[in-house]
Amino acid sequence: MGPTDTCFEDGTFTLLMEFSDQYLLKPPNVPFTCKMLHPNVYADGSICLDILQRNWSPTYDVTSILISIRSLLNDPNPNSPANKEAAKLFLENKRLYETKVKKLIERQKMNDQTLLDDEDEEKVEKKQPSPSAIEIDSKYLYM
């Protein structure tokens with residue numbers, strides 16, 4: 001969930017946490033799996049965050065990683081951008097940056113709702129056989 005009182009507040013953001021055999025000695029790979037507009041998030045979802053790179057410590061657990069990522073959402077480091085366009089927008093026109101983030105969140109919500117609606121329709125379609133299936137079944141029953 002996005003941090004309260006930020007442009008990310010109403011968003012739900014998904015991540016993939018991949019732990020290698022060398023976990024604890026090396027950080028997990030933690031990319032976003034949803035579309036993001038953020039100075040420190042690459043187009044492929046990879047996150048530019050010091051604790052996931054050069055400042056990794058085995059003392060970081062999943063909770064501390066998620067807290068750091070959540071904190072990064074509202075407190076980006078535009079001086080070390082992964083997304084130069086987002087960093088420039090954040091520095092030069094923060095209001096427009098926030099508006100674009102909110103629009104992205106709204107689009108994702110609409111897509112999520114559309115996916116849910118499609119899943120509901122598929123369930124209804126599966127529960128109600130087509131007329132031809134009913135005819136075949138009834139012929140079979142009366143043969």
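A residue is termed buried when its relative accessible area is under 20%, exposed when over 50%, and partly exposed in between (1.4 Å probe, protein chains only). The structure is a predicted model, in which local features need pLDDT of at least 70 and side-chain atom pairs count only at pLDDT 80 or more, while totals for chains, interfaces and linings use all residues. Residues are numbered from 1 along each chain as its sequence is written, and side-chain values use heavy atoms, with hydrogens and water left out.

The protein has four helices and zero strands, helices being DSSP runs of H or I of at least four residues and strands runs of E of at least two, numbered from the N terminus. Of its 143 residues, 30% count as buried.

The mean pLDDT, the predictor's confidence in each residue from 0 to 100, is 85 for the protein, with 78% of residues reaching 70 or more. Where pLDDT is low, the predicted coordinates should not be read in detail.

In α2, the buried residues are Ala-86, Ala-87, Leu-89 and Phe-90. Seen down the helix axis, these residues fall within an arc of 165°, so they line one face of α2, the arc being that of the directions from the axis to the C-beta atoms. The face turned away from this buried side carries the exposed residues Lys-84, Glu-85, Leu-91 and Glu-92.
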